[in-house]
Amino acid sequence: MMSNFYQTLENSFVTNLSGDALRLADGTVWRYQRLHERVAEIAGALVAEGLQPSDRLVVQVEKSAENLALYLACLKVGGVYVPLNTAYTDAEVDYFVQDAKPTLFVGQSQRSDVKTFTMDENGQGTLLECVAAHSDLPVSSAVTRQPDDLAAILYTSGTTGRSKGAMLSHANLASNALSLSTCWGWQKEDVLLHALPIFHVHGLFIASHCALLNAAPMIFLPKFDAAQVLELLPQATVLMGVPTFYTRLLQQAGLNHASVASIRVFICGSAPLTEQTFNAWEAATGQRILERYGMSETIINTSNPLAGERVAGTVGFALPAQEFRIADADGKPVQTGEIGTIEVRGPNVFRGYWQMPEKTAEEIRDDGFFITGDLGTTDEDGRLSIVGRAKDLVISGGYNVYPKEVEGIIDKIPGVSESAVIGVPHADFGEAVVVVIVPSAEPVDIETIHAYLAERLARFKQPKMAVNVEALPRNTMGKVQKNILREQYAGLLSQD
Ligand code: AMP
């Protein structure tokens with residue numbers, strides 16, 4: 001059986017070879033014909049350089065059309081694609097190379113421990129020279145793969161301990177991409193505004209696969225720039241972004257109903273979208289953002305509906321053929337409305353962590369449910385809301401404090417632009433609640449916060465201290481790095 005996911009994508013886009021695939025920022029356009037040919041050529045070079053089916057290809061390069069073609073070429077020849085965040089230092093990359101044991105590495109600079117090719121932000125470098133040298137060897141047919149064969153390993157951003165490599169199979173990618181294409185109403189007339197990085201599940205799989213499966217064009221930008229994205233919105237029908245895209249666009253003077261008239265859906269995920277941003281977006285544009293929930297290990301788990309009601313602060317329902325449950329520590333479902341760990345099951349769930357069988361066994365239960373580590377709750381309709389990460393949970397004096405609940409209320413205090421609630425070591429309580437605030441103008445003091453929270457939140461959930469900062473530390477996907485805050489303020493309330 002032919003289960004190479006690349007073949008599924010190719011079967012779709014060969015129907016539109018004269019159509020645009022990638023519209024680049026410099027005005028260059030790659031038709032599907034060019035993408036198709038380039039993938040075949042790069043595939044030829046990868047094979048000539050020794051990449052065999054199931055071998056790993058580690059890639060740490062800036063986003064470009066050639067980079068996307070390299071990913072597709074790797075799938076085509078049955079290689080396992082291992083993208084790395086471009087922000088990682090050489091020392092960090094050492095770990096990934098030692099762990100993944102790739103046959104080939106494509107990066108910005110030469111490495112001594114693995115056969116390396118280079119690629120710069122324009123896609124130029126020794127890889128393309130090698131492709132040119134092997135131009136007589138294009139690979140015309142995708143290598144046969146079984147559904148469970150690996151297509152990619154995504155190293156999770158991991159805020160503690162060693163970064164884990166989530167192994168995703170061809171069947172994982174295919175099932176999720178086909179579901180999303182249907183659920184989000186994709187058609188070949190769509191134009192995706194693609195401003196996400198392609199070393200992460202969001203930009204590489206979720207966004208690109210929807211467009212490729214529909215032979216639709218992508219406006220393919222190297223990075224997100226709010227002014228540029230606003231200017232290009234009238235040429236697009238879909239924007240996929242992280243919450244920071246939306247908060248930054250909201251600061252643009254030109255954002256209004258007219259500027260988004262061509263967009264049929266704004267999709268958001270990778271980090272929590274606040275109700276304030278959801279509401280501010282609707283007020284500014286007349287459109288309700290469709291929030292969804294996903295992760296490296298499972299691609300997309302749940303989504304708000306395209307046609308039904310999109311509810312702020314919720315991430316919707318499981319995709320078709322997938323399920324989730326809110327469970328206690330033993331995996332037993334809790335009552336509706338109670339908080340528990342979100343566990344998910346379905347054809348999207350990864351094959352385990354690369355070379356970490358014990359970790360895999362800890363996190364995937366015998367009945368197939370994967371313990372996501374996110375805390376959630378459902379309402380009567382079955383909509384899922386994420387309450388936070390289990391490891392961000394604050395336990396103060398034996399009581400559980402869910403940071404998102406506290407942040408949601410503090411964010412409404414006039415003068416607060418955004419907030420992050422963390423637990424810091426405390427002699428009496430074990431952990432004490434502390435809020436780190438980004439004020440919109442003047443610093444916001446703890447008395448103001450207590451006055452606002454007095455009638456709204458139980459005493460044990462209220463912060464003992466407030467710290468005002470200019471900005472919260474965020475990773476490239478817009479997630480607040482609470483581990484950094486916890487480290488920074490660890491000594492705030494200790495006696496010594
Ligand atoms: P990553 O593997 O880097 O994509 O990170 C996955 C994590 O991002 C999830 O486990 C969630 O904690 C978080 N996440 C993704 N989507 C959402 C969302 N819509 N709301 C809140 N958190 C989210």
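This is a predicted model: local features need pLDDT of at least 70, side-chain atom pairs count only at pLDDT 80 or more; totals for chains, interfaces and linings use all residues.
The domain assignment of the protein gives two parts, with domain 1 covering residues 5-223 and domain 2 covering residues 394-488.

Helix H4 runs over residues 90-100, and its buried residues are Val93, Phe96, Val97, Asp99 and Ala100. When one looks down the axis of H4, these buried residues fall within an arc of 165°, so they line one face of the helix. The exposed residues Ala91 and Gln98 sit on the face of H4 that is turned away from this buried side.

With a relative accessibility of 49%, Lys101 counts as partly exposed, because exposed is kept for values over 50%. In Lys101, which is not a glycine, phi is positive, with a value near 45°.

## A second residue with a positive phi

Gln355 is not a glycine either, and yet its phi is positive, at about 55°. This residue lies in a loop, with strand S17 (340-345) on one side and helix H11 (357-363) on the other.

## Helix H12

In helix H12, which spans residues 403-410, the buried residues are Pro403, Val406, Glu407, Ile409 and Ile410. Around the axis they cover an arc of only 165°, which puts them on the same side of H12.

The buried residues of H12 pack against both strands and helices. The strands are S20 (394-396), S21 (399-401), S22 (416-426) and S23 (430-439), while the helices are H13 (446-453) and H14 (482-488).

## The second largest pocket

Rolling a probe the size of a water molecule over the atoms shows where empty space is left. The second largest pocket has a volume of about 360 Å³, and 17 residues line it, of which Leu24, Ser64, Ala65, Glu121 and Asn122 lie nearest its centre. Helix H2 (32-48) and helix H3 (65-76) are the elements that give two or more residues to this lining. Sorted by class, the lining of the second largest pocket consists of seven nonpolar, six charged and four polar residues.

Is His200 buried or exposed? Its relative accessible area is 15%, and because buried means a value under 20%, His200 counts as buried.

If its neighbours within four places in sequence are left aside, His200 is in contact with Phe205, Ser270 and Met477. Among these, Met477 is 277 residues away from His200 in sequence, whereas the distance between the two in space is 8.4 Å from C-alpha to C-alpha.

Technical notes: Residues are numbered from 1 along each chain as its sequence is written. Side-chain values use heavy atoms; hydrogens and water are left out. Buried means under 20% relative accessible area, exposed over 50%, partly exposed in between (1.4 Å probe, protein chains only). Helices (H or I, at least four residues) and strands (E, at least two) are DSSP runs, numbered from the N terminus. The arc is that of the directions from the helix axis to the C-beta atoms. On a 1 Å grid over the protein atoms alone, a cavity is a set of points where a 1.4 Å probe fits but cannot get out, and a pocket is an open set with protein on both sides within 12 Å along at least five of seven lines; lining residues have an atom within 4 Å of a point. Grid points are joined across faces, edges and corners, and a volume is the space filled by probe spheres set on the points. Ala, Val, Leu, Ile, Met, Phe, Trp, Tyr, Cys and Pro count as nonpolar, Asp, Glu, Lys and Arg as charged, and the others, Gly among them, as polar. Domain bounds come from an automatic or database domain assignment. Contact means heavy atoms within 4.5 Å.
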